[in-house]
Amino acid sequence: PTGLLGFGISYFLLARSSMSKLQTLIQSSTSELQQIQNNPDPQVQLNTLDATIEKLNAGFSIAKEQFLIGTLLHSQVGMLHYQGAVVIAQMRLRAEMSRNTAQVGKCNKKLKLRFDTARGHLEQASAYDLQTTLTRNWMSAGMLACLDFRDKKHSEAVERLKKVQGPGGSDPMYWALLAWIQHSMGEAAEAMLTISSGLDKNANHAPLKSMAAAIQNKKTVDMSLFGQQWFLFFPEHLTAEVAMRLQSQMGEGPDLSNMNRKQRRAVERQSKKSNRSS
């Protein structure tokens, strides 16, 4: 008993010290990431993400000091790599708009590498369900489910999301993501049940209601109704046409300030085409 007590006290002191180091590291990284919000340049955003990832990687040196520190770090690094993939998808969209096929090909390779790297970290983060329970962070599991879906592991994606219903249940995006995957699998009834559960906790959420109506009436589900947060999970769904439609709904024209002449012309052509079709 005396030996166990001594071990418990030592572990408590070590845990407190380790968590303090981790908290300081994450706070420092968060302050760097806030710079992204003030700079619309995708390359600058990507450089900032990579610098933050490098800083967090240094934190793995304290992972052996306490249980779960490693999984917490893998979760953070995995999500940042996934966000890096989102930024690369934006760069690919610009290349597509300017019809730069060579650049599109380069972006596709970088995108795959980012997603693969993110998967490696996110899978290690998901090794312990306790990590999700303690942090109440379902998004890392959500990103991993999206990767499963891309790899046509649909059942695994659904199972992974259902496991984090506890922390995700209060977020309408959780229910939207699960329902969309189920609907994409041809399980409309299951998707409707999922949305119904989501509306039980988010009764006045208009996008969830619109999604339910579209599925019930066998119409195309417009996930852009969920705004920019949806494209953090599926950046490939943000096409030039969708981007212009979103900006039009906000009463703004496309932001051409950071585009070259060729890109601006592509946007203008797409805009005229959309106006004619409407």
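A contact, as the word is used here, means heavy atoms within 4.5 Å. By that criterion, and not counting residues up to four places away in sequence, tryptophan 230 touches Met173, Ala176, Leu177, Trp180, Met223 and His237. The model is predicted, so local features need pLDDT of at least 70 and side-chain atom pairs count only at pLDDT 80 or more, while totals for chains, interfaces and linings use all residues. Residues are numbered from 1 along each chain as its sequence is written, and side-chain values use heavy atoms, with hydrogens and water left out.

**Overall architecture**

- The protein has 14 helices and zero strands, where helices (H or I, at least four residues) and strands (E, at least two) are DSSP runs numbered from the N terminus.
- Among the contacts with a separation of 6 or more, 62% are between residues 24 or more positions apart.
- The protein exposes about 15400 Å², of which carbon and sulfur atoms supply 53%; accessible areas come from the Shrake-Rupley method with a 1.4 Å probe, and for residues only the protein chains shown count as cover.

**Salt bridges**

- Eight salt bridges are found in the whole structure, each being a side-chain nitrogen of Lys or Arg within 4 Å of a carboxyl oxygen of Asp or Glu.
- Arginine 114 and aspartate 50 meet through their side chains in a salt bridge (2.6 Å, N to O), which links helix H4 (residues 101-125), holding arginine 114, to helix H2 (residues 42-57), holding aspartate 50, 64 residues apart.
- Arginine 114 is buried at a relative accessible area of 12%, whereas aspartate 50 is partly exposed at 29%.
- Arginine 119 pairs with aspartate 151 in a salt bridge whose closest N and O atoms are 3.0 Å apart; because arginine 119 lies in helix H4 and aspartate 151 in the loop between helix H6 (139-150) and helix H7 (154-163), the pair ties together parts that are 32 residues apart in sequence.
- Arg119 and Asp151 also belong to a network of salt bridges that includes Glu123, Asp148 and Arg160.

Definitions and conventions: Buried < 20%, exposed > 50% of the residue type's maximum accessible area, 1.4 Å probe, protein only.
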